[in-house]
Amino acid sequence: MPFQSLVARLPYPSFAVQRAVAIAAVIAQAGIGVTGSVVRVTGSGLGCPTWPQCVEGSIVPVAHPEFDALTQWIEFSNRMLTGVVIAVAALCVITAWRVQIEHPSRRRLVKLAWTMPAGVMLQAVVGGITVLAKLEWWTVALHFLASTPLVWLAVLLLRAFNEGDEPARWLIPDAGRKTLIVLASVMWAVLVAGTTVTGAGPHGGDPGTHRFQAPIETLTQIHGGLLVAYLIVLAVFGLQLMRGETPKQLWRRYTIVWVIALVQGVLGSVQYALGVPEALVSFHVLGSALVIISTAALWCGSRDRGPVASATAPERELATSN
């Protein structure tokens with residue numbers, strides 16, 4: 001293929017370049033959710049009331065009597081950030097493709113890389129539907145939830161750049177592997193419940209948008225209860241790790257999950273007690289992304305696929321430690 005020959009002419013990406021591209025993907029996928037929350041809490045969700053144009057007849061904000069200029073530019077800036085995310089996703093594919101050209105067996109790496117642009121395009125469509133539906137709470141929830149597996153996959157891609165392609169060898173007991181699956185499942189249940197709290201809360205992205213007609217106190221209790229369940233499963237997983245010879249790096253990842261999850265729980269409680277101030281909402285969304293990242297990193301650290309075939313001795317040692 002012509003494009004493949006063009007990619008083959010590119011310099012082979014060093015370990016540092018591969019890692020930097022993957023970290024950029026993690027930041028981009030998590031960051032777009034945080035900036036989306038800024039759009040929501042500032043009431044700028046319909047600053048650009050149509051899609052893909054901002055206002056009828058213009059792709060960029062223009063003076064309009066019905067829409068405040070600031071809200072237009074906040075929403076438009078968030079849309080433009082999607083272009084940055086697409087560019088990072090494209091770099092992931094090109095980098096992984098260049099690696100596979102040199103090492104044809106690394107098909108899993110390329111497949112993971114392709115989830116980045118594919119996911120971004122899906123997100124763009126869901127975002128368009130969200131705007132056209134006038135920010136109905138369930139469309140906003142879907143828009144956020146669609147980004148969560150992309151954050152997880154970006155972490156897996158980062159790990160894939162740092163590891164080989166041997167069949168996964170789990171470093172934890174079989175019971176721990178099952179518990180880890182439950183932990184990830186409960187994590188997403190916490191995220192889903194969180195979107196219902198958001199749907200019933202005061203920040204809908206626009207003053208006129210419909211809200212989820214359910215008692216926010218009850219929804220908050222469900223959300224908090226699921227977080228407690230997540231912590232209980234996490235504690236069980238820790239007890240299971242004690243039964244085997246768990247690597248130190250896995251214990252570090254496990255500790256980080258605990259710290260982030262507890263801080264996120266405290267932040268959510270403070271946010272609710274203070275009446276959901278705008279700034280804390282965005283910090284809470286950031287915390288959600290960090291929970292996903294740390295849990296995905298725990299998942300990755302729980303199994304080993306061997307060393308990277310193309311790595312030099314120092315790089316192989318560094319990849320193994322990460």
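Residues are termed buried under 20% relative accessible area, exposed over 50% and partly exposed in between, with a 1.4 Å probe and protein chains only. The structure is a predicted model, in which local features need pLDDT of at least 70, side-chain atom pairs count only at pLDDT 80 or more, and totals for chains, interfaces and linings use all residues. Residues are numbered from 1 along each chain as its sequence is written, and side-chain values use heavy atoms, with hydrogens and water left out.

Helices (H or I, at least four residues) and strands (E, at least two) are taken as DSSP runs and numbered from the N terminus. The loop between helix 4 (107–132) and helix 5 (137–162) contains Lys134, a residue other than glycine with a positive phi near 60°. Lys134 is partly exposed, at 45% relative accessibility. Leu135 is found in the loop between helix 4 and helix 5 and has a positive phi of about 65°, although it is not a glycine. In contrast to the partly exposed Lys134, Leu135 is buried, at 6% relative accessibility. Most residues other than glycine have a negative phi, and most peptide bonds are trans. A cis peptide bond leads from Trp51 to Pro52, with omega near 10°; Pro52 lies in the loop between helix 2 (15–41) and helix 3.

The expected span of a helix is 1.5 Å times one less than its number of residues. Among the buried residues of helix 8 are Arg253, Tyr254, Gln264 and Gln271. Gly275, which follows helix 8, has a positive phi near 85°. Helix 9 (residues 278–301) has 24 residues and reaches 35 Å from its first C-alpha to its last, close to the 34 Å expected. Helix 9 is mostly covered, with 17 of its 24 residues buried.

The contact (heavy atoms within 4.5 Å) involves Leu180, Ile181, Leu183, Met187 and Leu191 of helix 6, together with Ser288, Val291, Ile292, Thr295, Leu298 and Trp299 of helix 9. These contact residues comprise nine nonpolar, two polar and no charged.

Ala175 and Phe237 are 62 residues apart in sequence, with a C-alpha to C-alpha distance of 8.6 Å. Glu102, in helix 3 (residues 69–102), is partly exposed at 45% relative accessibility. The C-alpha atoms of Glu102 and Tyr12 are 8.2 Å apart, although 90 residues separate the two in sequence.

A search of the whole structure finds zero disulfides, a disulfide being a pair of cysteine sulfur atoms within 2.5 Å. The sulfur of Cys92 is 14 Å from the closest cysteine sulfur, that of Cys300, which is too far for a bond. Both residues are buried, Cys92 with a relative accessible area of 0% and Cys300 with 1%.

Definitions and conventions
Nonpolar A, V, L, I, M, F, W, Y, C, P; charged D, E, K, R; others polar.
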